[in-house]
Amino acid sequence: MIVRTGAPDDIPALQVIEKKARIVYAALGGFEFVAASPPIAADRLILGTTFVAEVSESLVGFALSQPMDGVLYLANISVLPDASNRGVGGRLLDRVIAHARATQATAVTLATFRAPPWNGPWFRRQGFTIMPESEIGAGLRAILNRHVRFL
């Protein structure tokens, strides 16, 4: 597996990966809307730093991050269902964390669902914890407020 920085030419494939990765939500009661939503917008992929995972010259996953509130925000991490449980997500997360260190970000933050095993429980196994309210910056607060309204 190769993990590299994404390129503009990767965007259509990343949108397909993200859409296919969300199919698993269709089987979870109350989460069907996630599987039915449109793919991530190309401008979001351009504005952040994207790392892609390749296996045998095929893209199988990506992680999108962006600076926010003095930290690095992990906006999306998606892996094709056929490639899950093979360490792809872990390798992508490692690359995001390395990028945070290289850019001197003080932390990596994210917003995720608490229950599905590939969301909150997976990130907790990777060492993430719930951020105290007092440490949530304006950018992350806006994302969380949007999630409360729309998710």
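Let me start with a term: a residue is buried under 20% relative accessible area, exposed over 50%, and partly exposed in between, using a 1.4 Å probe and protein chains only. Gln15 is partly exposed, with a relative accessible area of 22%.

Now the ground rules. This is a predicted model, where local features need pLDDT of at least 70, side-chain atom pairs count only at pLDDT 80 or more, and totals for chains, interfaces and linings use all residues. Residues are numbered from 1 along each chain as its sequence is written, and side-chain values use heavy atoms, with hydrogens and water left out.

Back to Gln15. Gln15 sits in helix H1. Helices here are DSSP runs of H or I with at least four residues, strands are runs of E with at least two, and both are numbered from the N terminus. What does Gln15 touch, not counting residues up to four places away in sequence? The list is Pro39, Ile40, Ala41, Ala42 and Leu45. A contact means heavy atoms within 4.5 Å. Leu28 is another matter: Gln15 and Leu28 are 13 residues apart in sequence, and their C-alpha atoms are 22 Å apart in space.

Next, the rest of H1, residues 11-21. Its buried residues are Ile11, Leu14, Ile17, Glu18 and Ala21. Down the axis of H1, these buried residues fall within an arc of 115°, so they line one face of the helix. That arc is taken from the directions from the helix axis to the C-beta atoms. An α-helix has 3.6 residues a turn, so residues three or four places apart point the same way. The cover over the buried residues of H1 includes helix H3 (42-47), E2, E3 and E4.

Let me zoom out. The protein has six helices and five strands. Along the sequence, the pattern reads β-α-α-α-β-β-β-α-β-α-α. For 151 residues, a compact globule would have a radius of gyration near 15 Å, and the protein has 15 Å, which agrees. That radius is taken over C-alpha atoms, and the globule rule is 2.2 Å times the number of residues to the power 0.38. The C-alpha atoms fill a box of roughly 45 × 40 × 30 Å along the principal axes. Of the 151 residues, 39% are buried. Take the contacts with a separation of 6 or more: 58% of them come from residues 24 or more positions apart.

On to the strands. Two strands count as paired if DSSP finds at least two bridges between them. E2 and E3 run antiparallel, joined by seven bridges. Val55 has Ser58 in E3 as its bridge partner. These two strands make a hairpin with two residues between them, and Ser56 there takes a positive phi near 50°.

E3 pairs with E4 as well, in the antiparallel sense over eight bridges. Ala63 has Ile77 in E4 as its bridge partner, and Pro67 stands opposite Leu72 in E4. This is again a hairpin with two residues between the strands, and Asp69 in the turn has a positive phi of about 60°.

How enclosed are these strands? Eight of the 11 residues of E3 are buried, so E3 is largely enclosed by the rest of the structure. For E4, eight of the nine residues are buried, so E4 is largely enclosed too.

E4 also pairs with E5, in the parallel sense over three bridges. Leu72 has Val108 in E5 as its bridge partner. The chain crosses from E4 through H4 to E5, and this β-α-β crossover is right-handed. Right-handed means that, with the strands pointing away from the viewer, the path from the first strand over the helix to the second runs clockwise.

Last stop, H4 itself. Its 15 residues, 88-102, should span 21 Å at 1.5 Å a residue, and the end C-alpha atoms are 21 Å apart, which agrees. The expected span is 1.5 Å times one less than the number of residues.

Which residues of H4 are buried? They are Val88, Gly89, Leu92, Leu93, Val96, His99 and Ala100. They cover an arc of only 130° around the axis, which puts them on the same side of H4. On the other side, Asp94, Arg101 and Ala102 are exposed. The cover over the buried residues includes strands E1 (2-5), E2 (49-55), E3 (58-68), E4 (71-79) and E5 (108-110), plus helix H5 (120-125). Just after H4, Gln104 takes a positive phi of about 60°.
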